[in-house]
Amino acid sequence: MKLLDLHIDGFGKFHDLDVTFSDGLNIVYGKNEAGKSTLHTFVRCMLFGLERGRGRASKNDTYSRFEPWDGKSVYGGYLRVEQEGTVYRIERNFQKEKKSLSIVNETLGKQVEPTGAFMDNLLGGLSETTYSNTISIGQLKSATDGGMVAELRNYIANMNTTGNMSLNITRATSHLRSRRKEFDRLLDPEAARNYATLQGEIRGIEREISAPEYENQLHTYQSMRSQINSQITKKQEERETLLQKLASGRQALAGAQFTDEESVVRYRDETLDTYDAYQSAKASCERKSRSALTVLSLLMAVLTGIFTGVVAIQEHTRRMALAAASSPPVFTLHDPAFLLICFLSVLTLVFAVTGIALILSRKHDQRDLAYTSKLLQEVFSRHLGDPSVSEEAMDAFLSRMEEYVRLGQAIIRSEASVEIQAGEIAALKEKAESCDEVISRQQRTQWELEKKLDHLAQCKDQAEALQLVLEENDRIREEIAAIDLALDTMTELSSTIRDSFGLHLNKAASDMIGEITGGIYDSMSVDENLNLFMNTRAKLVPVSQVSSGTMDQVYLALRLAAARLIQKDHDPMPLIFDDSFVQYDDDRLKTALKWLSRAYENQIIIFTCHQREAQMMTANQIPFNLIGIG
């Protein structure tokens with residue numbers, strides 16, 4: 001595998017940074033504090049991920065040290081790599097809440113599921129620990145020669161252990177058993193039972209709070225109550241206005257001495273009757289033919305009376321003459337004179353009665369006229385302010401009465417509206433009271449819900465804490481299982497250790513020793529106690545007796561040999577040096593660079609704060625790609 005290029009959205013001091021690598025040897029140059037180690041760490045984190053530590057350790061862990069300095073950039077970026085002719089883009093976001101990993105096969109143009117098997121194949125079978133112990137190389141110089149010797153011994157032991165080997169089974173076994181006891185003490189045996197109890201309690205609370213009665217409708221009913229109260233206020237205002245109008249109408253009717261529409265109609269009809277009687281009496285009093293008839297009747301009565309008297313006197317004279325002649329008249333009912341006198345008497349009586357009746361009728365009409373006129377004058381004066389009796393006054397009166405009738409009808413309608421509004425207001429008040437009851441229940445329910453939610457939150461917090469304990473238990477059990485497996489494996493393979501990885505490592509490193517040391521040493525060997533010897537044709541030289549520069553060279557050869565052995569079935573990953581040659585003098589640096597350019601065919605990346613690496617490569621015509629940062 002080789003690195004093509006990378007883009008940093010945010011990582012430590014860098015944000016929106018692009019870096020491109022080429023095949024073969026790459027030199028990444030930058031002064032101290034330019035960010036070379038940050039870039040190196042970014043590559044490792046893009047390949048293997050970045051986890052945040054827990055507890056106090058998180059304050060100074062890699063995650064915290066390389067969080068974006070500006071506090072705004074996305075924590076992450078992408079790295080493009082090529083493996084066996086296929087280009088992949090690894091994209092990561094390291095932020096805890098938004099942590100993500102995606103891999104795109106750019107050659108085929110599709111997303112790739114980042115499974116463990118795929119990542120293992122892509123990374124050449126290297127774990128992060130193996131990566132850091134082989135192809136990723138820091139400064140080669142230890143603080144002291146003794147320290148370097150110890151480092152070489154530990155490195156060889158680690159390489160053998162990585163290859164399921166160990167050069168001191170007893171010591172390793174004792175250490176593993178001690179670690180197993182430590183892990184046993186760290187286990188919390190009650191965590192699983194307590195967690196199960198809490199989960200049951202959480203599920204019970206969640207079932208309770210999911211019940212319909214805990215649905216929060218408080219705002220809905222408060223809004224409804226507010227609307228109802230607004231409607232009540234509006235209805236009451238309308239009713240009050242209507243009551244005022246009703247009182248004004250009743251006062252107007254009472255001022256006119258009416259009580260309701262019926263009294264107005266009755267008064268109007270009585271006045272109409274009075275007006276009709278007034279008109280009739282007035283017409284009777286104003287008729288001239290009636291006066292003439294009265295005079296004629298009385299005159300006819302006088303004339304017929306006189307004529308009756310004359311006829312009666314003549315008849316009496318005639319009868320007296322007949323009596324004097326001694327021939328008394330015979331008197332019968334059929335006597336013409338008698339009949340005539342009777343007829344004339346009746347006629348006189350009829351004329352006299354008719355005349356008297358006409359005189360009495362006229363006087364009656366005059367009294368009626370005066371009475372009705374007085375009544376009408378009182379009516380018109382009261383309602384029109386003018387006692388004059390006329391047809392126009394009557395029309396005005398009728399118009400005024402019509403107004404009172406409409407007023408009475410309006411009062412009736414208003415009274416009905418008042419009753420309706422009273423019923424509506426009562427219904428609204430009842431509805432408001434119902435809302436109050438529901439709101440009261442909702443408040444109690446929400447209070448209970450808040451208590452349950454608080455308890456649920458506490459339970460979840462406890463469960464989350466226990467989950468961490470359970471995860472730690474699982475991790476500890478995995479560690480214990482790994483220790484048990486390691487103990488079993490070491491027991492089974494102790495007899496074949498020297499025949500496997502250790503021998504291959506010694507041989508692979510020995511093949512490089514002669515070239516990297518310039519022929520001073522032919523090979524190296526390691527005994528069962530991890531004592532390292534450098535071989536010459538004449539003798540074995542303990543590594544503690546060689547120079548610190550030679551120790552650096554041996555260390556480099558060991559790591560390169562281990563990298564080759566571990567990746568022999570995979571496309572090799574780039575060899576990365578982070579200021580690894582700071583302590584090298586010019587001669588050893590020149591030798592190391594020449595040797596590296598020949599010994600490692602795959603990509604090499606050297607991070608350095610000096611320009612001499614680039615200058616030496618240019619002087620020795622070694623092709624390289626120079627990348628400047630900072």
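In the chain, residues 24 or more positions apart account for 73% of the contacts with a separation of 6 or more, a contact being defined as heavy atoms within 4.5 Å. The structure is a predicted model, in which local features need pLDDT of at least 70 and side-chain atom pairs count only at pLDDT 80 or more, whereas totals for chains, interfaces and linings use all residues. Residues are numbered from 1 along each chain as its sequence is written, and side-chain values use heavy atoms, with hydrogens and water left out.

The secondary structure comprises 16 helices and 14 strands, taken as DSSP runs numbered from the N terminus (helices H or I, at least four residues; strands E, at least two). Of the 630 residues in the chain, 39% are buried, a term that denotes under 20% relative accessible area, with exposed meaning over 50% and partly exposed the range in between (1.4 Å probe, protein chains only). The accessible surface comes to about 35300 Å², and carbon and sulfur atoms contribute 52% of this area, as calculated by the Shrake-Rupley method with a 1.4 Å probe.

The mean pLDDT of the chain, where pLDDT is the predictor's confidence in each residue from 0 to 100, is 80, and 86% of the residues reach 70 or more. Over residues 141–146 the pLDDT is below 50, and this stretch has nine contacts in the model beyond near neighbours in sequence. Residues 162–167 likewise stay under 50, with 22 contacts beyond four places in sequence. Where pLDDT is low, the predicted coordinates should not be read in detail.

Strand β3 (residues 25–29) is largely enclosed by the rest of the structure, because four of its five residues are buried. This strand runs parallel to β13 (residues 604–608), to which five bridges join it, and Ile-27 stands opposite Ile-606 in β13. Four bridges join β3 to β14 (residues 625–628), again in parallel, with Tyr-29 opposite Gly-628; strands are taken to pair if DSSP finds at least two bridges between them. In helix α16 (residues 612–619), the buried residues are Arg-612, Glu-613, Ala-614, Met-616 and Met-617, and these pack against β3, α15 (586–599), β13 and β14. Just after α16, Gln-621 takes a positive phi of about 55°.

Beyond its neighbours within four places in sequence, Phe-11 is in contact with residues including Thr-38, Phe-42, Phe-66, Tyr-75 and Phe-94. Ring pairs link Phe-11, Phe-42, Tyr-63, Phe-66, Tyr-75 and Phe-94 into a cluster, and 14 aromatic pairs are found in the whole structure; rings of Phe, Tyr and Trp (its six-membered ring) pair if their centres lie within 6.5 Å, planes under 30 degrees apart counting as stacked, over 60 as edge-to-face and the rest as tilted.

Asp-5 lies in strand β1 (residues 2–10) and counts as buried because its relative accessibility is 15%. The C-alpha atoms of Asp-5 and Val-19 are separated by 5.5 Å, although the two residues are 14 apart along the chain. Not counting residues up to four places away in sequence, Asp-5 touches Val-19, Thr-20, Phe-21, Tyr-78, Leu-79 and Arg-80.
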